[in-house]
Amino acid sequence: MKRILLLFLLLGALSFTAANTDGQTYPSPDWKKAAPTKYGYDAEKLGEVRRYIVDSMYTTGCMVIVGGESIFEYGSLTRISYIASCRKSILAMIIGKYVENGTIDLSLTMADLDIDDIGGLLPIEKEATIGHLVTARSGVYHDASNSGDDAERRPPRGSKQPGEYYLYNNWDFNVAGAIFEQLTDRNIYEILQDDIAIPIGMQDYELANQKKGGNLSISKFPPYHFYFSTRDMARLGYLMLRNGLWKEEQVISADWAKVITSVVTPKHEMNAISSSRDMFEYGYMWWLFNVDDEPALKGAYTAWGAMGQYITVIPALDMVIAHKTDAVYDRKTTFEQYYTLLRMVINSKNQ
């Protein structure tokens with residue numbers, strides 16, 4: 001009888017949702033589901049969200065986390081696929097530890113680091129710093145090894161001083177990843193595993209799934225794509241929502257979490273390639289909402305990847321939304337569709 005009781009207690013310990021000393025709830029090991037009404041959300045309105053996804057989007061996985069619990073789920077939460085440019089926001093998260101301990105000095109220039117590329121960088125481009133790269137203000141307009149940026153908006157090479165001008169430019173982000181590996185002398189995927197995936201209990205992260213890509217005949221710096229599940233994307237967003245704290249461990253310093261989600265490029269300086277970008281400002285590889293018609297989005301921010309990858313953090317609602325599509329299906333969910341979904345979720349909260 002005692003053995004049965006001990007087994008019951010052990011199983012219970014493995015399945016409950018943990019709360020740390022400040023009262024916040026964390027998944028342990030999996031996300032606990034909660035009725036939407038527990039947090040003041042209308043189940044019927046969330047049903048309309050589900051119908052909108054089915055009728056209008058190519059969503060393959062979606063989770064809405066409120067108060068550390070899942071109040072809405074759609075599709076596969078465990079399927080692994082690439083998260084496109086959300087990777088940049090993940091780099092912003094993991095780089096902080098190494099900036100703070102002195103391993104990475106954001107003021108180092110491309111010249112200091114002996115960074116060059118196919119065909120050579122211009123002297124003015126070699127004056128760009130790591131800090132300029134991770135805020136998309138380098139002034140380096142060399143072709144990147146992959147598409148998916150605002151290359152068609154690039155000014156002529158050498159026409160902008162480093163730091164002067166914002167441009168969403170994959171060359172910056174790819175080189176930032178390469179410099180991260182150069183200065184830490186470690187693989188970016190291993191660092192993510194050790195510094196974040198293991199501490200926050202990411203359930204589906206495997207090194208074998210991670211791979212770089214790009215056309216290295218254009219630029220020698222490849223993109224460092226990550227491959228995640230939807231439920232692990234939600235963990236990353238929840239870590240940011242909790243200012244880098246996971247249970248009892250400060251996985252990312254609260255100061256760094258604030259730095260990377262603070263405005264570097266204000267709205268009026270954004271070089272928007274589409275109207276959907278008009279509602280954003282930019283931090284350290286995170287998109288920061290700046291909209292007048294939705295008060296709940298004040299202080300909200302998102303990672304954003306092509307074809308419908310999003311990790312959206314909404315502090316005003318204690319909410320994280322993880323959304324993804326699978327690139328193998330070659331079906332794109334637009335930002336306008338995602339923003340409609342986002343507004344529907346927000347408006348499902350009872351007034």
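Questions and answers about this model follow.

Guide: This is a predicted model: local features need pLDDT of at least 70, side-chain atom pairs count only at pLDDT 80 or more, and totals for chains, interfaces and linings use all residues. Residues are numbered from 1 along each chain as its sequence is written, and side-chain values use heavy atoms, leaving out hydrogens and water.

Visitor: Is Tyr-338 buried or exposed?

Guide: Buried means under 20% relative accessible area and exposed over 50%, with partly exposed in between (1.4 Å probe, protein chains only). Tyr-338 has 0% relative accessibility, so this residue counts as buried.

Visitor: Which residue makes a polar contact of 2.6 Å with the side chain of Tyr-338?

Guide: A polar contact is a pair of N or O atoms within 3.5 Å; within protein, one must be able to donate a hydrogen and the other to accept it, and residues adjacent in sequence count only if both atoms are side-chain atoms. Here the side chain of Tyr-338 is joined at 2.6 Å to that of Thr-312.

Visitor: What is the order of the strands in the open sheet?

Guide: Strands (E, at least two residues) and helices (H or I, at least four) are DSSP runs, numbered from the N terminus. Two strands pair if DSSP finds at least two bridges between them. Seven strands form the open sheet, with antiparallel pairing, in the order 4-3-13-12-11-10-9.

Visitor: Which are the edge strands?

Guide: An edge strand here pairs on one side only. The two are strand 4 (69–75) and strand 9 (280–282).

Visitor: Over how many bridges do strand 3 and strand 4 pair?

Guide: Strand 3 covers residues 61–66. Its Met-63 stands opposite Glu-73 in strand 4. The two strands pair in the antiparallel sense, and the number of bridges is six.
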